[in-house]
Amino acid sequence: MIRHKLIAACFVLLGNLSAHAAPTVQTVPLRDMEAWLVSDHSLPLITIKMAWRGGTASDPDGKAGLSMMLARLMNEGAGELPAQSFQQAMADNAMSLSFSAGRDDVTGTLRCLSQYKHACFKLLRLALTAPRFDDEAVARMKREQMTAILQAQQSPRSLANEALMAMAFDGHPYGQARNGTAESLAAISAADIRTHYQAMMARDNLHLAVVGDIDRAALRRLMRDIFAQLPPRSRLPKAQQATMRSGPISRHIERAGPQTSIVFAQKGLGHKHPLFFADFVMNSILGGSGFSSRLTEQVREARGLAYSVYSGTSNFGQAAMWNGSVASDNATAQQAMDVIRAEMRRIANEPVSEERLAAAKTYLTGNYALRFDSGAKIAGQLLGVQLNDWPIDYFTTRNANINAVTIGDVQRAAQLLTPDRLLVVSVGGAAIRLD
C-alpha cells in the first residue's frame with residue numbers, strides 16, 4: 001500500500017511540473033541497438049517506451065487481431081510466473097507494464113520507481129524474452145478482445161471508422177479491424193501467437209525511449225541485460241505498400257437514432273512531403289485547433305449543426321490520411337457535411353489572413369510544450385519521432401519549421417485537399433450525398 005501511494009504521489013508531482021523547452025535528448029548506442037534518453041533525477045521515476053515494427057498490418061490473412069492478442073498477452077505470465085503471479089509481482093513492485101498494437105507497430109510501456117528498478121527490469125526481461133502464452137490466458141484475452149469487438153459494434157463512431165478504413169484500404173491489411181472479427185479470433189491459436197512473437201520481437205525493428213532517473217551507463221546495462229537477449233532480426237514479411245482509394249465515394253450504415261455520425265477522409269501528405277508543415281498549419285486553421293478552427297466556427301457556432309467537428313492527419317508507415325468527423329441530427333447531417341466541403345474549398349481558393357496564420361502558429365508552437373510536462377509524455381514524444389523516422393533534432397527544429405510556413409504555403413497545401421476526392425461513411429438515419 002505504501003509503495004502504491006508513493007508512486008501515485010510521484011506521478012502527480014511530475015504531472016504538475018511546468019513545461020518549457022523540449023528536453024535534451026541523448027543517443028545511447030549498444031551493439032546493433034540505439035536508445036534515446038532524457039535523464040532527469042529530480043524524481044525517482046523511470047519510464048521506458050519500446051516499439052517493434054509490425055503491428056496489425058503484419059497479421060496473416062484470416063487471422064486479423066493476432067498482433068492485438070500478442071500485445072494483450074505480453075504481461076500475462078512469463079518465465080516461471082503464470083499470469084496471476086506475474087500480475088502480483090508487478091503490483092508488489094509498484095510497476096506498470098502494458099502493451100498495445102497499432103497498425104504499424106507493437107508498443108510497450110514500463111513505469112516504475114527507481115528504488116524498485118532491479119525487480120521491475122527483471123520482470124520486463126521475462127515478459128520480453130520468456131512470455132508464456134498459457135492456454136488459460138489466451139482464452140481469457142480472446143474473451144476480452146471479443147468484448148472489445150462487440151462494444152465497437154455498438155458505437156456509431158467506431159462502426160464508421162472501421163468501415164472507412166476498409167473502404168480506404170480495400171485489400172490491404174490497413175483495412176482490417178485491429179481487434180479482428182469473431183471468425184478471425186476463433187482461428188488464432190496459442191501456437192500462432194508464439195510464432196508471431198518470435199517473428200516480430202527482434203533488435204533490428206526495435207525502437208527504444210527512456211526517460212527519468214537513469215543515466216547512460218545504467219541504460220546501457222539495461223539494454224545489454226534485456227533487449228540484447230532478443231533475436232537480431234525480425235522474420236516478419238516486408239510491409240506491403242498501401243495505396244489509399246480516391247473518392248468521391250460514400251457509404252451509409254442505417255442505424256436507428258436521432259443522430260448521424262459521419263467520418264470522412266482522403267489521401268494526406270506524408271512526413272517527407274515538402275508541404276508537410278504547411279499542411280499541418282493549414283489543418284489547424286481548418287479543423288484541428290478546436291474552437292478556433294473554421295469548421296467549428298461554421299458548423300457549430302454559426303449554424304448550430306453539431307456539438308463538435310474536427311479534422312486531422314493520420315500518418316501510417318505506408319500511407320498518410322487526412323480525416324475528420326462530425327455528428328449531427330439526422331435532419332441536418334447533410335447540411336453539416338456540405339458546410340465542411342464548402343470550407344475545404346474556401347481555404348483552397350482564398351488565402352488565409354495574416355492574423356489567422358499567426359494565431360495558428362502561436363497555437364501550434366505554444367501547445368507543443370504541453371507534450372513534455374511528464375516523463376510518460378516525453379518518452380512518448382521520443383518514441384513517436386523515432387517511429388516517424390524524423391531526426392533527433394526534430395524537437396528543436398519543429399517550431400521553426402512551423403513559423404516558416406507562409407500564406408502561400410498554406411494555400412498550396414489546401415489545394416491538395418479537395419472535397420471531390422472524399423471518402424465518407426455515415427452511420428445513423430441520414431445517408432450523405434457527395435453530388
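Helices and strands here are DSSP runs, H or I of at least four residues for helices and E of at least two for strands, numbered from the N terminus.

This is a predicted model, in which local features need pLDDT of at least 70, side-chain atom pairs count only at pLDDT 80 or more, and totals for chains, interfaces and linings use all residues. Residues are numbered from 1 along each chain as its sequence is written, and side-chain values use heavy atoms, with hydrogens and water left out.

Helix 14 covers residues 375-387, and its 13 residues should span 18 Å, which agrees with end C-alpha atoms that are 18 Å apart. Among its buried residues are Gly375, Ile378, Ala379, Gln381 and Leu382.

Asp389 lies in the loop between helix 14 and helix 15, and its phi is near 60°, a positive value in a residue other than glycine. Asp389 counts as exposed, at 52% relative accessibility.

## Helix 10 against helix 15

Helix 10 (residues 276-288) and helix 15 (residues 394-403) pack with their axes 9 Å apart and at an angle of about 65°, where axes are lines fitted to C-alpha atoms, for helices over the stretch in contact, and angles run from 0 to 180 degrees between N-to-C directions. That makes helix 10 roughly perpendicular to helix 15, since angles of 65 to 115 degrees count as roughly perpendicular, under 35 as roughly parallel, over 145 as roughly antiparallel and the rest as oblique.

In this contact, meaning heavy atoms within 4.5 Å, Phe277, Phe280 and Val281 of helix 10 meet Tyr394, Arg398, Asn401 and Ile402 of helix 15.

## Two loop residues

Phe133, in the loop between helix 4 (117-129) and helix 5 (135-153), has a positive phi of about 55° although it is not a glycine. Phe133 counts as buried, at 5% relative accessibility.

Pro248 lies in the loop between helix 9 (216-225) and strand 7 (249-254), and the peptide bond from Gly247 to Pro248 is cis, with omega near 10°.

Technical notes:
Expected span 1.5 Å × (residues − 1). Buried < 20%, exposed > 50% of the residue type's maximum accessible area, 1.4 Å probe, protein only.
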